[in-house]
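Me: I'm new to this one and would like to go through it slowly. Could you show it to me first?

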Amino acid sequence: MATTAQRKQKPEKQFTFAWQGRDKSGNISKGKIDAADLATAKVLLRRQGVNPHKIKREGSGLLSRRNAAVKPADIAYFIRQLATMMKAGVPLLQALELVGNGAEKIKLKRMIGAIRTDVNGGLDFATALAQHPDYFDDLVCSLVRAGEQSGALESMLERIATYKEKTESLKKKIKKAMTYPLAVIAVGIIVSAILLVKVVPQFQDVFAGFGAELPAFTLWVIHLSEWMQKWWFVCLLTFVALAFGFVKLRAKSEKFSNLVDRMVLRIPVFGPILHKATVARFARTLATTFAAGVPLVEALDSAAGAVGNVVYRNAVLQVRNGVSTGQALQHAVQMTGVFPVLAVQMIAIGEEAGSLDQMLDKVASFYEEDVDNAVDNLSSLLEPMIMVILGVLVGGLVIAMYLPIFQLGNVV
């Protein structure tokens, strides 16, 4: 009871302190220590036989690496380290201690420490991971539980690490495809707005003394500049409100979220990439769970939750319902009309040959490589298009401002 009550108590916040002082032998030494405050850090150092001369809290800034949030890539690396150590014969508790001591991020170190405490207290590893649902989803916990029950936890952890690494790599490729053009266009819009608000008015004062009629394009840009000077703050607030409302509405409204999922798959150029990435994620998840000994129906449940798009989630659930009534997987997948023909054919071959997990793994690898090539080609194709957009936005404003000067030169 005492252990349970102690576990429910909110852990005391820890900080990292860098210290310098003399050890028991009188030699000057330095290092780092975690403590709740400066006084506690000094007490802990003295208990270790260190007389600290300088001690300073570090990593208090927002950009500190040690205080940064734990990301999925950190979890994948944690599982990979754990699998490697257990493959080498290191017991689970000792492996958790070694990985925790080597963790750079404080939050990750505390989480690993809490998992180790729970395992040491009698919980199985899967249940200990389930205490941290923000970092370990049901799929990971169920796979770890299957590995524990089969006595092959280290192999299962290696498979999970590979799955997480592949998934994160795929996400990065999609972000790369979406972020680069949007970032460049955003910079172009910001530069254009600055020119309209700050630079065009300077030219407007010069044009006022010309005493001649300005070109229509120049007049249009001047009117746009006057409007921007008056309403730029409203435009900025409107954009922020729309972005915030979009995020909130998608998080709270299932209908709106589903609509967005359907629309993004229809975006030209980007839609096909998202289709391939979702197929790869489905195949990778199904291959990992099915190879771990999870029944096909339950594996399809896990895959439905991992695809990340409502169109494919509904399709996978339809496949699950078909398989649960005795339908062959290849026919159930084909009936959805969502999955590409190549994926269906490879699933059919794997099902007939009795190597479904291996064939699904090949499907995942094929579409992951296809996404990688598509992203590289997309970047090459978008560069000239982005240059044209920037040229129209920024170059158009510059031309509009210099047209009257060119006309004046022709008159002279």
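Me: Is Arg116 buried, partly exposed or exposed?
Reply: Arg116 has 27% relative accessibility and so counts as partly exposed, where buried means under 20% relative accessible area, exposed over 50%, and partly exposed in between, with a 1.4 Å probe and protein chains only. This is a predicted model, in which local features need pLDDT of at least 70 and side-chain atom pairs count only at pLDDT 80 or more, while totals for chains, interfaces and linings use all residues. Residues are numbered from 1 along each chain as its sequence is written, and side-chain values use heavy atoms, with hydrogens and water left out.

Me: Which side chain meets Arg116 in a salt bridge?
Reply: That of Glu97, at 3.5 Å from N to O; a salt bridge here is a side-chain nitrogen of Lys or Arg within 4 Å of a carboxyl oxygen of Asp or Glu. Glu97 lies in helix 4 (residues 92-102) and Arg116 in helix 5 (residues 106-120), so the pair ties together parts that are 19 residues apart in sequence. Helices are DSSP runs of H or I with at least four residues, numbered from the N terminus.

Me: And how many salt bridges are there in the whole structure?
Reply: The search finds 10. One of them joins the side chains of Glu368 and Arg284, at 2.8 Å from N to O. Glu368 is in helix 16 (residues 356-411) and Arg284 in helix 11, so this pair ties together parts 84 residues apart in sequence.

Me: Are those two buried or exposed?
Reply: Glu368 counts as buried, at 7% relative accessibility, and Arg284 counts as buried at 5%. Arg284 and Glu368 are also linked with Asp361 in a network of salt bridges.

Me: Switching topic, where does Thr278 lie?
Reply: Thr278 lies in helix 11, which covers residues 270-291, and at 5% relative accessibility Thr278 counts as buried. Leaving aside neighbours within four places in sequence, Thr278 is in contact (heavy atoms within 4.5 Å) with Val307, Asn309 and Tyr312.

Me: Which aromatic cluster does Tyr312 form with other residues?
Reply: Tyr312 forms one aromatic cluster with Phe282 and Phe339; rings of Phe, Tyr and Trp (its six-membered ring) pair if their centres lie within 6.5 Å, and planes under 30 degrees apart count as stacked, over 60 as edge-to-face and the rest as tilted.

Me: How many aromatic pairs does that rule give?
Reply: The count comes to seven. Among them are Phe78 and Phe136, whose ring centres are 6.2 Å apart with planes at 65°, so the pair is edge-to-face.

Key:
Helix = DSSP H or I, 4+ residues; strand = E, 2+ residues; numbered from the N terminus.
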